[in-house]
Amino acid sequence: MVTNHTFYTDSNGRDFLKRVRDYREDWDLQVTQPVAGNYYPVNLGMYVTDGKYELSVLVDRAVGASSIQDGQIEMMFHRRILYDDGRGVGEPLDETVCVDSKCDGLVARGTYYVNVNKLGHGAHWRRTQGQKVYSPFLLGFAHEDESSWKSYSVVKASMMDANYSLPDNVAIITLQYLDDGTTLLRLAHLFQAAEDPQYSVMAKVELKKFFGKRTIKELTETNLSANQKKSAMRKLKWRVVGDTESSPAPITGRPVDSQALVVELGPMEIRTFLLKL
């Protein structure tokens, strides 16, 4: 693949940022570390493209990643050295596991997910598969009376309306019952702007159907930390000296109508709510 020195890595599992080998957009880079200077932290994955295809790799844990040569992807899953490398740690990175009197080097294991798509079609796989890796299904078990176990063999209840499901570009980040009796809900749009023609659009979540078996008595939108009402937030607008470019305003959802209870989410938007059910 002729990738023209370019590759893309995620930022905290959200946006994919463009990286150009041996180049920084904000200053003239003097290359003194051609390998270390081109490594970036990866939590979700990375990909390269040659104008026709996209080669994507997803990870199940944080790693370092780069593309030191065109058409190549390399990831540092684990590092072990016996001598200090002079980079400031002041000791060798020699992690060991000892059992009785025998010590062996730490063994790290992980899983990589690799896929090749036509140009423009890789984002859907990265986002949906990445969500499955990050938030897999969890099985729960409980002790029951063996003589009546058959009554529990079929799922009989669900909080969500039986005929409703979340849009493919939306994920539940948090759904938690708090000590004060309220329910904390965070919803996130999985796609960034212009990433996918079908899914990088405004998404809508109908809370009445989401909580199909319950009645929403009160809803309050808050900041991301859920410790301040959004209506009380006052964002500062920073003026950057020398910045003459004006980027378009991001697409964001409108305030939630207390009657319709429909949440709108723009690309990469996360919205937080406190509900009384």
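Guide: A residue is called buried under 20% relative accessible area, exposed over 50%, and partly exposed in between (1.4 Å probe, protein chains only). This is a predicted model, in which local features need pLDDT of at least 70, side-chain atom pairs count only at pLDDT 80 or more, and totals for chains, interfaces and linings use all residues. Residues are numbered from 1 along each chain as its sequence is written, and side-chain values use heavy atoms, with hydrogens and water left out.

Visitor: Are Glu195 and Arg127 buried or exposed?

Guide: The side chains of these two residues, Glu195 and Arg127, form a salt bridge with an N to O distance of 3.1 Å; the term denotes a side-chain nitrogen of Lys or Arg within 4 Å of a carboxyl oxygen of Asp or Glu. The pair links distant parts of the chain, 68 residues apart, with Glu195 in the loop between S12 and S13 and Arg127 in helix H1 (residues 122–134). Helices (H or I, at least four residues) and strands (E, at least two) are DSSP runs, numbered from the N terminus. As to accessibility, both Glu195 and Arg127 are buried.

Visitor: How many salt bridges does the rule count?

Guide: Side chains of opposite charge can pair when their charged atoms come close. One network of salt bridges links Glu221, Lys230 and Arg271. By the rule, the count comes to eleven salt bridges.

Visitor: With which residue does Glu218 form a salt bridge?

Guide: Glu218 is partly exposed, because its relative accessibility is 39%. The closest N and O atoms of the pair are 3.8 Å apart, and the partner of Glu218 is Lys276. Glu218 lies in strand S14 and its partner in strand S16 (residues 270–276), so parts 58 residues apart in sequence are tied together by Glu218 and Lys276.

Visitor: Why does Pro197 count as exposed?

Guide: Pro197 is placed in the loop between strand S12 (183–189) and strand S13 (203–206). In space, Pro197 is 9.2 Å from His121, C-alpha to C-alpha, although the two are 76 residues apart in sequence. Pro197 counts as exposed because its relative accessible area is 75%.

Visitor: What is the relative accessible area of Met1?

Guide: Met1 is located in the segment before strand S1 (6–10). Met1 counts as partly exposed, because its relative accessible area is 38%.
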